[in-house]
Amino acid sequence: STIPRLQLLWGSTLCGWGHGALQGPAVRVALGRSVAQALAASGLLREPIHTLPMGLDPNDLPPLVEERRVGEVLILAATQPTLGLMLQQSLRRRGLRCRCELSPWPIQQQQQALAEAEVAVVLAPACGAPGLGLRRLAAMALQTPLVCEARDPDDALCRDGHNALVRPGE
């Protein structure tokens with residue numbers, strides 16, 4: 001009971017605190033500076049809160065594509081396949097071509113599809129589920145225009161109108 005646990009904190013609410021470390025000693029690591037600042041301001045945790053920067057190694061990404069698949073919308077929907085399928089059907093009725101990830105793809109396939117698509121829609125995990133944001137970060141690194149769902153206010157990765165179009169999940 002005296003051995004500290006590692007607790008990864010991906011949000012400033014109880015839903016983002018992971019499991020089993022609140023009562024005992026822990027090394028607390030927040031995913032991103034905004035999460036760490038919100039938790040430190042709350043005063044609920046006695047230990048210092050370390051920050052884990054989120055990032056991707058550019059050498060692991062596929063090369064940038066000169067000519068993207070014109071008019072193709074990539075929907076990354078493995079976290080919400082029902083919503084992804086509904087979105088795909090709606091876009092196809094409007095005459096747009098779509099590729100849709102309804103079950104998890106290997107990371108290399110996902111990133112290659114991001115590099116080739118003209119625009120990507122990234123659906124966030126269901127409310128309360130952790131999402132590290134790596135799909136959104138990969139889309140930005142591959143210079144693919146990004147549409148994503150609004151997340152908790154402490155998620156500073158996507159800023160509406162600046163580096164993504166952020167829309168409500170419905």
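A residue counts as buried when its relative accessible area is under 20%, as exposed when it is over 50%, and as partly exposed in between, using a 1.4 Å probe and protein chains only. Glu 72 has 5% relative accessibility, so it counts as buried. Keep this residue in mind; we will come back to its surroundings.

The model is predicted: local features need pLDDT of at least 70, side-chain atom pairs count only at pLDDT 80 or more, and totals for chains, interfaces and linings use all residues. Residues are numbered from 1 along each chain as its sequence is written, and side-chain values use heavy atoms, with hydrogens and water left out.

Start with the whole chain. Of its 170 residues, 38% are buried. Its secondary structure comes to four helices and eight strands. These are DSSP runs numbered from the N terminus: helices are H or I with at least four residues, strands are E with at least two. From the N terminus on, the order is β-β-α-β-β-α-β-α-β-α-β-β. A contact means heavy atoms within 4.5 Å. Among contacts with a separation of 6 or more, 53% join residues 24 or more positions apart.

Now take the sheets. Strands of a sheet pair through backbone hydrogen bonds, either parallel or antiparallel. Here two strands pair if DSSP finds at least two bridges between them.

Strand 2 (residues 26-31) pairs with strand 3 over four bridges. Arg 28 stands opposite Ile 49 of strand 3.

Strand 4 and strand 5 pair over five bridges. Ile 75 stands opposite Cys 100 in strand 5. The bridge partner of Ile 75 in strand 6 is Val 121. Five bridges join strand 4 (residues 69-76) to strand 6 (residues 117-122). Three bridges then join strand 6 to strand 7 (residues 146-149). There, Val 122 has Cys 148 of strand 7 as its bridge partner.

Back to Glu 72, which is found in strand 4. Which residues does Glu 72 touch, not counting those up to four places away in sequence? They are Arg 97, Arg 99, Ala 117, Glu 118 and Val 119.

Next come the helices. Helix 3 and helix 4 pack at about 40°, with their axes 9 Å apart. That makes helix 3 oblique to helix 4. (Angles under 35 degrees count as roughly parallel, over 145 as roughly antiparallel, 65 to 115 as roughly perpendicular, and the rest as oblique.) Gln 110, Gln 111 and Leu 114 of helix 3 meet Arg 135, Ala 138 and Ala 139 of helix 4.

In helix 4, Arg 135, Arg 136, Leu 137, Ala 138 and Ala 139 are buried. The buried residues of helix 4 pack against strand 4, strand 5, helix 3, strand 6 and strand 7. After helix 4 comes Gln 143, with a positive phi near 60°.

Finally, look inside. In soluble globular proteins, nonpolar side chains tend to be buried together. A nonpolar core is a set of buried Ala, Val, Leu, Ile, Met, Phe, Trp, Tyr and Cys residues joined through side-chain atoms within 4.5 Å. The largest one has 20 residues, and those with the most contacts inside it are Leu 74, Leu 76, Leu 114, Leu 146, Cys 158 and Ala 164. Strand 4, helix 3, strand 6, helix 4 (134-141) and strand 7 each supply at least two of its residues. Apart from this core lies another, of eight residues, among them Val 73, Ala 77, Leu 91 and Leu 123.

Definitions and conventions
Axes are lines fitted to C-alpha atoms, for helices over the stretch in contact, and angles run from 0 to 180 degrees between N-to-C directions.
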